[in-house]
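Here is a protein model to read through in order. Please keep the sequence and the structure in view while following the text.

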Amino acid sequence: MDRTPDQRPPSDDPWRLSEGDRALVSAKPKRARLEFAVLLLFFRAHGRFPRASTDIAPALLIRIARQLGLVSPVAVRRPVPLRTLKRYRAEIRALFRTRQATVRDADDLVGWLRDHVVATTRDIDDLAGGLEAQCRTLGLEPPSESRARRLARSAVHAYDEQFCARIHSHLPIVARERLDALLQASAVAPAVAPIVWLRNDPGRPSLNSLREEMAKLGLLRGLELPADLFDRVLPGELERGRQRVTVEAPHELLARH
């Protein structure tokens, strides 16, 4: 019985043509057999098709050509019409039970990254790799590297928005108003928002600096934040928030709000 392409050859080598592969390749016109074999084996190995000629190393091309009995792949490789390539790709996707991702799929992938991955890493390369692995699980052809990175950034942004919305919804209205007041200049000090004063370094220990730090503490206690506000927040999330508040200007924090 011939092997179907979604089964690995006995050697577990994705670049080796099985009997089933050879049957599929031999059914194609001679001038297109090498191209079809390249598409087939590359998809088996990577779950996607080559995106550039540099994706196929010359040595690998020679190896595939020799399996087809071709001595010089450069001499026999001919351009294949775009319509034919589209048909071959559709055939290979069907063989591997894979389909192209839709806009809805992309939205779902962003949601999956947001809900299951972003909390553990914000590295865009790691997120893009996780997205590609999830595509394989779902039977989707993964997006290009640049699009995967854009989706990863969208997931990080969506996570931050969801995180802020969750914290904001847990705040009493009076606490929201007092927090907003920290970002706005007052009539007493029109050039300085209270948040800037709170961030000031205490300086050298002295009675005055002690009084000032106690005043800051009193202002923070006066916010009357819920005791369980950050119970479900990971330490890394708190640290990112602290860093943002430390370096961003009040008007930038207001814009985010």
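How many aromatic pairs does the structure hold? It holds four, where rings of Phe, Tyr and Trp (its six-membered ring) pair if their centres lie within 6.5 Å, with planes under 30 degrees apart counted as stacked, over 60 as edge-to-face and the rest as tilted. The model is predicted, so local features need pLDDT of at least 70 and side-chain atom pairs count only at pLDDT 80 or more, while totals for chains, interfaces and linings use all residues. Residues are numbered from 1 along each chain as its sequence is written, and side-chain values use heavy atoms, with hydrogens and water left out.

The ring centres of tryptophan 15 and phenylalanine 42 are 6.2 Å apart and the planes stand at 65 degrees, so this pair is edge-to-face. Both residues, tryptophan 15 and phenylalanine 42, are buried, meaning under 20% relative accessible area, against over 50% for exposed and partly exposed in between (1.4 Å probe, protein chains only).

For phenylalanine 43 and phenylalanine 49, the centres are 4.7 Å apart and the planes at 45 degrees, so the pair is tilted. Phenylalanine 43 counts as buried because its relative accessibility is 3%; phenylalanine 49, at 4%, counts as buried too. Phe43, Phe49 and Phe96 form one aromatic cluster.

Turn next to a charge beside a ring. Lysine 28 lies over the face of phenylalanine 36, 4.5 Å from the ring centre; the criterion is NZ of Lys or CZ of Arg within 6 Å of the ring centre and within 35 degrees of the ring normal.
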